[in-house]
Amino acid sequence: MVITKEDVLKVIDKIVEVIRENKEYLTELDSAIGDADHGINMDRGFEAVKQKLATIPENSDIGTILKTVGMTLVSTVGGASGPLYGTAFMRAGQAVQGKTELTEEDVVKIFEAALQGIKDRGKAQAGDKTMIDSIEPAYKALKESLENNIALPEALKRAVNAAKEGMEYTKNISARKGRASYLGERSIGHIDPGATSSYLMIKALADVINL
Ligand code: ADP
Ligand code: MG
Ligand code: MG
């Protein structure tokens, strides 16, 4: 199965839509353990992405598109999540530079590069109650599924389930990175906003590819 450039653009559109729909919810999650702006930050960033992508050359490759998403997020999203997601998309773009179609392996590379970018930038690990707690299990589930010759749509469904479990798990642990870490143990009992936005983005990807 190949993913076309049109598919990639559809996924980004879907992310814009899902972030918009969940703007209040993400902000509400951030109000419990942060500064009540995650939904606002993410929505501002992805609305800017939508505007920006409308202006890039028709023949841009997938790497360029993803790098443009990343640069736009860095320059428009305030807060920790801007540079982190920005780095993730920029690294993802580098991983598929020049490509106009993606294979299953490329999708794994995209996840790997994005995850590594977030870790390099934010120095967090799984279990620190961050976006990594959704993305890392999703990446592992995707990679393992594809290694076992499971077709991409089903592999992505498994990745979404893993991301959801990881997101839900953040409720039970205390934050060691980001603003929520100031609360220490008091952050227990609340789902991490960034783990939630990551889950929503991974779900948007799977939903578009499953069509
Ligand atoms: P801010 O905390 O600056 O207001 P946001 O509210 O937009 O930024 O984003 C908060 C989210 O960023 C957290 O829920 C968490 O998932 C993520 N985050 C914060 N610091 C890190 C880090 N060092 N590594 C990975 N993710 C992080
Ligand atoms: Mg915040
Ligand atoms: Mg903030």
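Which residues does Ala114 touch, not counting those up to four places away in sequence? The points below take this up along with the rest of the predicted model.

1. Ala114 touches Ala88, Arg91, Ala92 and Ile135, with residues up to four places away in sequence left out of the count. Ala114 also belongs to the largest nonpolar core, which has 59 residues. Within that core, Ala114, Ala138, Leu142, Ala159 and Ile202 touch the most other members.

2. Ala114 is one of the buried residues of α6, a list that also includes Val107, Ile110, Phe111, Leu115 and Ile118. Glu104 and Gly122 are on that list too.

3. The geometry of α6 is close to expectation: its 19 residues reach 27 Å from first C-alpha to last, against 27 Å expected at 1.5 Å a residue. After α6 comes Lys123, which has a positive phi, near 55 degrees.

4. Ligand 1 has 24 residues around it, and Gly79, Gly122, Thr130, Gly178 and Gly194 come nearest. By type, the shell divides into eight nonpolar, nine polar and seven charged residues. At least two shell residues come from each of α3 (38-53), α5 (81-95), α6 (104-122) and α9 (193-209). The helix that gives the most is α9, with three residues.

5. Helix α1 (residues 5-21) has 17 residues and reaches 24 Å between its first and last C-alpha, close to the 24 Å expected at 1.5 Å a residue. Its buried residues are Val8, Ile12, Ile15, Val16 and Ile19. Viewed down the axis of α1, these fall within an arc of 100 degrees, so they line one face of the helix. Glu6 and Glu21, on the other side of α1, are exposed. The buried residues of α1 pack against β1, α2 (23-33), α3, α4 (62-76) and α9.

6. Lys171 sits in the loop between α8 and α9. Lys171 and Gly189 are 18 residues apart in sequence, yet their C-alpha atoms are 4.9 Å apart in space. Beyond its neighbours within four places in sequence, Lys171 is in contact with Gly189, His190 and Ile191.

Key
Residues are numbered from 1 along each chain as its sequence is written. Chains are lettered from A and ligands numbered from 1 in the order in which they are written. This is a predicted model: local features need pLDDT of at least 70, side-chain atom pairs count only at pLDDT 80 or more; totals for chains, interfaces and linings use all residues. A residue is near a molecule or strand if its C-beta atom, placed from the backbone, lies within 6 Å of it. Helices (H or I, at least four residues) and strands (E, at least two) are DSSP runs, numbered from the N terminus. Ala, Val, Leu, Ile, Met, Phe, Trp, Tyr, Cys and Pro count as nonpolar, Asp, Glu, Lys and Arg as charged, and the others, Gly among them, as polar. A nonpolar core is a set of buried Ala, Val, Leu, Ile, Met, Phe, Trp, Tyr and Cys residues joined through C-beta atoms within 7 Å. A residue is buried if 20 or more other C-beta atoms lie within 10 Å of its own, exposed if 12 or fewer, and partly exposed in between; C-beta atoms are placed from the backbone. Two residues are in contact if their C-beta atoms, placed from the backbone, lie within 7 Å. The expected span of a helix is 1.5 Å times one less than its number of residues. The arc is that of the directions from the helix axis to the C-beta atoms.
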